[in-house]
Amino acid sequence: MSKEPESKRAATLGDVLYAKSKAPVLEHGWAALVESIAAGDQLALHALYDRTHRLVFTLIMRITANREMAEELTVDVFHNVWQRAARYDAANGTVLGWIMNQARSRAIDRLRFESRKKRSLCGDMELLPEIPVDPHDELEMREQAETLQIALKALTPDERQAIEMTFFAGLTHAEAAVRLNQPLGTIKTRIRSGLHKLRQRLTSEAGNHEYA
């Protein structure tokens, strides 16, 4: 069997986080769902939501650290998928990458909006008060965060820094290269190798939870 080309490997955090111990859904299956959604098929939207909403929520929660905001933005992401499904272009990336990049962008945009609003109303940069959560929700959020943190520990410091800057801090690859004073090719290599390690670790974690 030929080795999978580097360009075809997981290139987004969505691809990595959705790694499963079971056989993965082929990309044309994801694309077919989006095509059905574009044609107005609500069942296809529900199917896509069922497969990806936990990942969308976890990523937004990781970025915003605000459960209420994460729940709201998760709904917004899938509303946007419903409205813009016809614009999806497989040439620009996988379906999972498309969805997770929307989630990332919306989370970062909301943080920027809240920051501007806070400066306007309060004239300072104090953090927003935490929204109380019940013990079950708090435990679930802690377990999700711990799973991701454990996976990130498998990376080298350089790989982790590159991934956190691009996926969690909202920088482009080029911006991260400038910030880290490294060649763009080096940053891309670190991200590629780091995502490969994350996928392996999270696949293992998924299997452990399934049979626990």
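## Overall architecture

From the N terminus on, the elements of the protein chain run α-α-α-α-α-α-α-α-α. The count is nine helices and zero strands, where helices (H or I, at least four residues) and strands (E, at least two) are DSSP runs numbered from the N terminus. The model is predicted: local features need pLDDT of at least 70, side-chain atom pairs count only at pLDDT 80 or more, and totals for chains, interfaces and linings use all residues. Residues are numbered from 1 along each chain as its sequence is written, and side-chain values use heavy atoms, with hydrogens and water left out.

The protein chain has 212 residues, of which 39% count as buried. Buried means under 20% relative accessible area, exposed means over 50%, and partly exposed lies in between (1.4 Å probe, protein chains only). The accessible surface of the chain comes to about 13,000 Å², and carbon and sulfur atoms hold 53% of it. These areas come from the Shrake-Rupley method with a 1.4 Å probe; for residues, only the protein chains shown count as cover. Among contacts with a separation of 6 or more, 67% join residues 24 or more positions apart, a contact being heavy atoms within 4.5 Å.

## Salt bridges

How many salt bridges does the structure hold? There are three, each defined as a side-chain nitrogen of Lys or Arg within 4 Å of a carboxyl oxygen of Asp or Glu.

One of them joins the side chains of Glu71 and Arg67, with an N to O distance of 3.2 Å. Both residues lie in helix α4 (residues 67-84), four residues apart, about one turn of the helix. Glu71 is partly exposed at 39% relative accessible area, whereas Arg67 is buried at 15%. Another salt bridge pairs Glu72 with Arg110, and the closest N and O atoms are 2.9 Å apart. This pair links distant parts of the chain, with Glu72 in helix α4 and Arg110 in helix α5 (residues 95-122), 38 residues apart. Glu72 is partly exposed at 38% relative accessibility, and Arg110 is buried at 17%.

## The α7 and α9 pairing

A further salt bridge is formed by the side chains of Asp158 and Arg190 (3.5 Å, N to O). Here too distant parts of the chain are linked: Asp158 is in helix α7 (residues 157-168) and Arg190 is in helix α9 (residues 184-210), 32 residues apart. Asp158 has a relative accessible area of 37% and is partly exposed, while Arg190 is buried at 15%.

Glu159 also lies in helix α7. Is Glu159 buried or exposed? Its relative accessibility is 7%, so Glu159 counts as buried. Leaving aside residues up to four places away in sequence, Glu159 touches Arg190, Ser193, Gly194 and Lys197. The side chain of Glu159 also reaches the backbone nitrogen of Thr156 at 3.0 Å. That distance falls under the definition of a polar contact (a pair of N or O atoms within 3.5 Å; within protein, one must be able to donate a hydrogen and the other to accept it, and residues adjacent in sequence count only if both atoms are side-chain atoms).

## Helix α3

Helix α3 (residues 42-64) has 23 residues, yet its end C-alpha atoms are only 29 Å apart, short of the 33 Å that a straight helix would reach at 1.5 Å a residue. The expected span is 1.5 Å times one less than the number of residues. At Thr52, α3 bends by about 55°, the bend being the angle between axes fitted to the seven residues ending there and the seven starting there.

The N-terminal end of α3 is capped by Asp41, which places a side-chain oxygen 2.9 Å from the backbone nitrogen of Leu43. After α3 comes Ala65, with a positive phi near 55°.

## Positive phi values

Most residues other than glycine have a negative phi. Ala65 is not a glycine but has a positive phi of about 55°. Ala65 is placed in the loop between α3 and α4 and is exposed, at 62% relative accessible area.

Asn181 likewise has a positive phi of about 55° without being a glycine. Asn181 lies in the loop between α8 (173-180) and α9, and is exposed at 67% relative accessible area.
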